[in-house]
Amino acid sequence: MPANTIIKSATDAMTKSVEHTIHEFASVRTGKASPSLVENLDVHVQSYGSHMKLKQLAMISTPEPRLIRIEPFDPATIRDIERAFQESKLGLNPSIEGKVLRLPVPELSTERRQQMVKTIKQMAEESRVRVRSARRDGLEALKKEEKEGIITEDDLHRGEKEIQTLTDKKIAEIDHHVTSKEKEVMTV
């Protein structure tokens, strides 16, 4: 496998790690209503006899900064959705109004905000570990190729430098997202 292919593989792995972290950050509550807060909630629909994600069962919108509006595609599932919220650890209590669920999002306390910042930093550290793991895999693959005589020593050094530069860039990108999400969470 040529050095370019190894570097591209490492790049893809690192990019996926950063994208996964950004997606995880979206589910962290910031005190304002957001569909991403609830869209992946598992709902057991008795009439269907299966578990489904909320986004598959309903239209989710935020008509106000502190309110999530959930309108099931099938009105018969409204009680199942309500039960899923009551059993979840989100700490949100829905109220049913006709064929719509209204979900008020309460203000976050300072203590809760600080806990969320810790959670965000943990997620970021896990992402950094995945990026470094991709770097390690890329470097090992390059060394193996050089040992087998497929690439030259110069290609090895160039590849190592390129992978390290890429690693530094991706970790800086994660740090940037952590800083902005932390600011967003701590803003009252």
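This is a predicted model: local features need pLDDT of at least 70, side-chain atom pairs count only at pLDDT 80 or more; totals for chains, interfaces and linings use all residues.

**Charge, fold and strand pairing**

1. Secondary structure. Five helices and six strands make up the elements of the chain. Read from the N terminus, their order is α-β-β-α-β-β-α-β-β-α-α. The radius of gyration is 22 Å, well over the 16 Å given by the globule rule for 188 residues, so the chain is more spread out than a compact globule.

2. Overall dimensions. Along the principal axes, the C-alpha atoms occupy a box of roughly 70 × 40 × 25 Å.

3. Burial and surface. Buried residues amount to 36% of the 188 in the chain.

4. Contacts. Among contacts in the chain with a separation of 6 or more, 63% are between residues 24 or more positions apart.

5. Pairing of β4 with β6. Which sense does the pairing of strand β4 with strand β6 take, parallel or antiparallel? Residues 67-72 (β4) and residues 100-104 (β6) pair in the antiparallel sense, over four bridges.

6. The hairpin of β5 and β6. Strand β5, residues 95-97, also runs antiparallel to β6, and three bridges join the two strands. S95 has R102 of β6 as its bridge partner. Two residues lie between the strands of this hairpin, in which G98 adopts a positive phi near 70°.

Terms used. Residues are numbered from 1 along each chain as its sequence is written. Side-chain values use heavy atoms; hydrogens and water are left out. The radius of gyration is taken over C-alpha atoms; the globule rule is 2.2 Å times the number of residues to the power 0.38. Buried means under 20% relative accessible area, exposed over 50%, partly exposed in between (1.4 Å probe, protein chains only). Contact means heavy atoms within 4.5 Å. Two strands pair if DSSP finds at least two bridges between them.
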